[in-house]
Structures are given as structure tokens and as C-alpha cells.
Amino acid sequence: MATDAHRIQVSGWPAGPRRPKMANVEDRRPGLGLSDRGLERNGVPFIPISGELHYSRLPRHRWDARLRSVVAGGVTVVSTYVPWLHHVPDRGRPRFDGNLDVGAFLDACGNHRLDVVLRIGPWCHGELRNGGFPDWVAAADVDHRTDDPAYLKLVEEWFGQLAGHLGGRAGDLLAIQLENELYDQPGHIRTLKAMARQAGLAAPLWTATAWGGAQLPPGEVFPVYGGYPDGFWVGSDEGWHPSFREHFFFSHQWDDPGIGADLRQGEISVAADPAGPGFPPATCELGGGMAAAYHRRPVLAPLDVATVAWCKIGNGSAWQGYYMFAGGANPAGGPDGWQESQATGYPNDLPRLSYDFQAPIGEAGELNGSYAELRRQHAFLTSFGAGLAELPSWLPESGPADVGDRTTPRWAVRSDGDKGYLFLAWHQPYEQLDPLEGVQFEICGTTPVTVPSVPVTVVPGTLACWPLFQEYGGVVIEWITATPVTLLAGDEAPVLVLLADRCMPVELRLPAGVALQWEARPADRSTTYRLTPSEIPLRVVSATGAALDLLVLPGALGPDLWVRDYPERTLLLSDGEVSWYDDGPVQVVAAGKDMAGVRRYEPGDRGFVPLDSAAVHGRRGSAQVELIRPAAQVPATYGERDGRASGPRDIERLAAHYRVTLPDWVRGDGVEARLRITWAGDVAELVVDGVTVADRFWDGRVWTVDVRDTGLGTTDDVVLRVLPLSSESPVWVSPEAQAVRAKHPGQLIQTPTIEVQELTTYFVR
């Protein structure tokens, strides 16, 4: 029997019917419902998965490719800011051309079956200059972000311009977010909603960020929350702040007092009502990554991102929303840039151009490790979300004592008392967790159960989800210690696809009347089996004749698993960058290598079979890097604001200059390629024909740059500037980067190396 510390008592929802709560009576969409438990479409519960992607931070010719990657990553909703700053830098001259054509962007999302959340501000933050206000608005003699009539007149002008551009498309939105991180103006949010509707902007859901104890107008907006593994907005001397640590634990506290605290006056508070009266817990800003400020440059590992998201699912999330899911770059924005900076009143200096954000899809379109980790979670939510949404979340009777607890298992159960899922997370950054030995879990519901059958060791890096008394295709499984990925239609039986958990034995517990097919007859009592992961399924049969194939895959295959849900659900294996158009062929991009293999699972004993494709050979090489001007001796600091180091203003004079010569093949017609720059220093700029086209604050990671989007393949005039980092600088970098820094007393600068990877694309059916 498990100990008290590892026990959860579960039951169903509190007595009473669902409480409908649309936050908008006028613009209801037929078939779409929102209640205190979650969202429904045509009576079927679902869990939206939204990913932030900023159309105005991407070249228009990249929209389609990014949206295909978003879809392949399992995201079902695109959320995006509509920055007033980008569209109307000069009053009276609104721009909706090129990559500012938000209407065309909505059309592109629709072509990929993606719903859209427009975050219309007017103030939006997003690490933008003036929080997204044009300079002329920021300079206006008005009380900003209030019901001051003079300010509302400016907002009315902007909302009218946006609604006029969108036309009838405004009715196709899933949601509109009003303002951002506005804490004490509930009446103003109500006013903005009325103004947006009057202008012609409408959506069935209206949302507002609720973190930081935000006061929202009751019943008017759907409160949405966030949570980041780490952030740039704390001081360089604050370490790993408790507001970040909390997200690596299961909890029913949804408010995060840390997000935006650097821009907030007064004490950090926590909302009294964790989700808002009558609304389910939902998120719009789970950290898909993190930006680097000059003074503080966190680096997130894929599991850091995945663990925060996993804990929110176990906590009962009715909406998984990420910020960011795809990185980008700021428009140039004149001599001072359009980024958040100390020069424009913020406590932080951000890169002028780069908004990579360490997102699952990087600034150059590369798929990072977090993409694969989240992709599997999204496949689970899409396949099993209808049932999961009906299950409330339950926490242990004796859980972790506080955010410093590194010895108590972190787990939760979503259950209605009869069936459910056990969620387990044992990972955090910075402070390594030790293996947990002798772990069992007892779930006390209608039928008490102890999982696994014998105590096991939970190793660091474990993210697990174990089905409890779930029925698939008419077959009930008491429990299995492997994580579900998806459910496929088979020729003779549905296929439940699971992934073996890290260093965890796979045990299957079947109830009386259900057994593995090789047995003569189902047992008259529950039976436990030890399974070996394989690419060939095992069939489970019941006394009633129902059958289910269990495909328990080795955990090592996890990063290469892809689930395509339309036109029919299929399971793919590939180490390439996979995407697709609706019912078209699968498209695979291989970066700097020969064709990546693609295999598709075929039901039965055929397993994964290779898909046909043309032979493709990708080129890779190295750029020549020649020092043409050495770096100067740099100061320890370039100034500070509110105790935070300021970024340099004279990089051209102080930096080392390197001439970069790319291989000749990069200039070929239609060639797509990326640079992977390994470097060390403080700040780097890539300059083409005298114009800075990309920049980065050093954080120890490889810097990936798209050749076409930066114009690198069209000229011989390419210079890389690298500013050294003083050993006395107060800038905070990750422990891994700090280890590199410690080896260079005085100032850190290393000659860059540049790998060039051709992007080869091919199609398979």
C-alpha cells in the first residue's frame, strides 16, 4: 500500500449543472459553448491549443510555412498581437500592406483550419516600443489606458481603421483579447469591448489577461493566465525567482504575480478567485520560450518548457496557450528601433531586431527541441481532450511543502471518481532533482487503485501520464504505466499509441474479462502484465468480443513522432521538419543533410513502413570568417536603469568586425539555406551592405539565421560584428554560458564559426 504522502482522493464535479458563461451575449457562434468546466463545439468538449505567432514580425512569404509548422506541431489556434505601432506609425496613414495585411493573415490561418485570437490592445506590450503605442499616441496629452475621452478618441480611430480593413473577416475570429496586463481598470476594459463592437469587431469570446491580481469586469471577459519557466523581467541578481519555480509543481493557483511585475507599481498580489467566477482555468501565455534582455538572458531547455505545460494540463487547464510558439524579428522601425528599451521608459533593453524568443519554431523557421516535446502533448490533447475536459483535477493529500521541496513526488490526477489520468512531473531547471525511489501512487475513487503494482524509481526528466479505468474501443484498461499519444483507427481494432516513460517499466493492468489475445480466455480477475516496448502492437480482447491494439513505443522514438489529424489520423516517424497541407502530401525539410526518412504506421503487424520519395541530397559547408578589425577594450557597464544594466549604444566602434564569405552555391536560384553561428561575446550584429539585418545577445546558444530573409545570398558585403563581454559586466547568463565566460578573464570574445545548411524539401505520399 502506498504511503499517505502519495495518495489522492478523487470524485466527480461538485453537484449542480454546468454554468454557461460566454463573456459575450451578442456575438455567440452557433455550436460554440463556454461553461465553468470548459469549451464545447457542437456539444463535444474540446481543449483549444493556441500558439502565439506575430504576422508583423515575419516576412509575408514565410506565413504559409510557419502556419504549416504550427499545424504539424498540434496547435489548433493562432493568437497574435495587432500592434498599433506597426500599422499606424504616422497618424492618418494606416498601413495594411505586405506583412501588415492582417486580413490576409486571417485568410491564411483559415486555409490551414486554424482558429484565431486577435489581441487588439490598444496597449499590448509584446516587448514593443511604448507597449505597442505609436510614438504620436505615447506623446499625446491624454491619460493613457483609461476612459479619458481624449484617449478614447484615439482608440476609436484605431479600432475603426482595423475593423474597416478586416471587413467581414472579423466575424470569423474565435476570440478577441482586450488590452494586456491592465490591473486596475475594469471599467476601461468594459469600455474597450463596447468600442470594439461598435467599430465592427466581434468574436464569440472576449478575453483579458488576469495575472497579477488583475481586476476584470465581472462576466464581461474570459480571464486567461500564464506561466514561464524563467524570465528576463527580474533583476540580474535575483536568481531563479519563486514565481517561476511554482510552475514546476501541480497546483490549483492560476495567478502568476511575476509576469509583468517589472512594469507594475506597488506590491505583487495574487487574485483571490483563482480562475474568475464561473470560468474554467485557461492560459494564453505559457512560456514557449523566453526573450533575452541585455541584463538577464535565461536559456530554457526543451523539458523546461514541456514541464510547465504538462503541469497545467494536470492542474485542469481548459485552454493551453503559448507565448511564443513561433519567433520572428522586429521591423527596423527607424534609428531607435521598435523594441522595448530603457530609452523608451522600460527597465529592460531588448535586441533591436531579434524576437526569436527561443520559441518551439525559431526566428529562422528551425524546429527546436521544445517543439517535439510539446507536439506529443498536443497530440494527446487532440485525441483525448473530449474526455479529459470532463475530468476535474485533484491534488495529493500531502504534497510538496513549498517550491524548494525536492523530495516529494509532484503529481496530480484528473478524474470524475470512476476514470481518469495520473499526471507525474519530475523535472526543473538549475537545481537538479535526484531520482525518487520506492514510489507508488494510490488513487481513492469509486474503485481504489495502486499504481504501479510494485514501487518504482522516478528519474529526473520524467513527464508521464497514466490512464486509469479508461475505455478505448469498448475495451477497459485498469491502468498502464506508459503515456498515451494518440488513438488510431485500425482495420480490425483501434490502436492506442503510447510512449514508454523514461527508465520506467511498462505495466499493464487489465480488469476481469479482458486479457491479451494470446491467452486462452480472459481471466475472472484483474491481471497485471509487464510489457516490452515495440513497434508492433499487442492485441487486447474482452469477453464481449471488443478488441484494442496497444502500440507501446520505445521512449527514444518520442522526438520523431508526428500525428496528422486530417483528413484521417495517421502516425509518422521522421527526423526531418515535417508539415502538410490538409489532404495533400507530406512535406519534409532536411537541413544540411540527405533526405530524412519518413515512415508511416500501418495497422496490424506491418508496423512503420517507409514512404516513397525522390532522392534528395542536401548541401552543407562552412562560411569563411576573416577578422578585418579587432575589438576594442570594452567597459564593464554601459549604464543602468533601476539597477539593470543598459545595452551598448556604440557597437560598430567597439566590436570586432569579421568579413563573412559564403559558399558559392548559396547564391543559386531558389536556394534556401540557414547559417548556424557559434560565437561568444556580448552582442552580435549581422550587417549586409552596411545595414544590420539580424542581431543577438549572447546566451551560449547557437545563433540560426535565414539566408534569404536577411539578403545574405545576394551580396559579397557581409560583416559580422561581435562585441566582447567584460568579465566585470553585471549581465546574468545561464550557468552553462557562465562556465564559458569564466575561462576568459578580462573580456570574452571568440572567433565565430559558421556552418551553412541547405534546406532541401521533398514530398511523400
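This is a walk through the structure, stop by stop, with something to select at each one.

Before you start, know that this is a predicted model, in which local features need pLDDT of at least 70 and side-chain atom pairs count only at pLDDT 80 or more, while totals for chains, interfaces and linings use all residues. Residues are numbered from 1 along each chain as its sequence is written, and side-chain values use heavy atoms, with hydrogens and water left out.

**Stop 1: the barrel**

Select β5, β6, β7, β8, β9, β10, β11 and β13. In that order, these eight strands form a closed barrel with parallel pairing. From one strand to the next, the twist averages 25°. Strands here are DSSP runs of E with at least two residues, helices are runs of H or I with at least four, and both are numbered from the N terminus. Two strands pair if DSSP finds at least two bridges between them. As background, strands of a sheet pair through backbone hydrogen bonds, either parallel or antiparallel.

Now pick out β11 (residues 283–287) and β13 (residues 320–323), a parallel pair held over two bridges. L286 sits opposite Y322 of β13.

**Stop 2: strand β7**

Select residues 115–121, which are β7. Is this strand enclosed or open? Seven of its seven residues are buried, so β7 is largely enclosed by the rest of the structure. Buried means under 20% relative accessible area, exposed means over 50%, and partly exposed is in between, using a 1.4 Å probe and protein chains only. D115, V117, R119 and G121 point one way, while V116, L118 and I120 point the other.

Look to both neighbours. β6 runs parallel to β7, joined by five bridges, and S79 stands opposite V117. With β8 (residues 175–178), β7 makes a parallel pair over four bridges, where L118 faces I176.

**Stop 3: helix α3**

Go to residues 102–111. Seven of the 10 residues of this helix, α3, are buried, so the helix is largely enclosed by the rest of the structure. The buried ones are V102, G103, A104, F105, L106, A108 and C109. After α3 comes R113, with a positive phi near 60°.

**Stop 4: the nonpolar cores**

Select I120, L201 and I480. In the largest nonpolar core, which has 157 residues, these three touch the most other members. Helix α5 gives the most to this core, with nine residues. Such a core is a set of buried Ala, Val, Leu, Ile, Met, Phe, Trp, Tyr and Cys residues joined through side-chain atoms within 4.5 Å.

Zoom in on L201. Beyond its neighbours within four places in sequence, L201 contacts I120, F159, L162, A163, L166, A170, I176, A196 and W206. Another core, of 41 residues, lies apart from the largest one; A656, L675, W679 and L712 are among its members.

**Stop 5: T283**

Head back to β11 and select T283. T283 counts as buried, at 1% relative accessibility. Its side chain reaches two backbone atoms: the oxygen of W319 at 2.8 Å and the nitrogen of G321 at 3.0 Å.

**Stop 6: R674**

Select strand β41 (residues 673–680) and find R674 in it. Buried or exposed? R674 counts as buried, at 5% relative accessibility. Its side chain makes a polar contact of 3.0 Å with that of E577. A polar contact is a pair of N or O atoms within 3.5 Å; within protein, one must be able to donate a hydrogen and the other to accept it, and residues adjacent in sequence count only if both atoms are side-chain atoms.

The structure holds zero disulfides (pairs of cysteine sulfur atoms within 2.5 Å). Select C465: the nearest cysteine sulfur, in C311, is 12 Å away, and C465 is buried at 0% relative accessible area. C503 counts as exposed, at 62% relative accessibility. Its sulfur is 19 Å from the closest cysteine sulfur, in C465, which is too far for a bond.

Key. Axes fitted to C-alpha atoms, helices over the stretch in contact; angles between N-to-C directions. Contact = heavy atoms within 4.5 Å.
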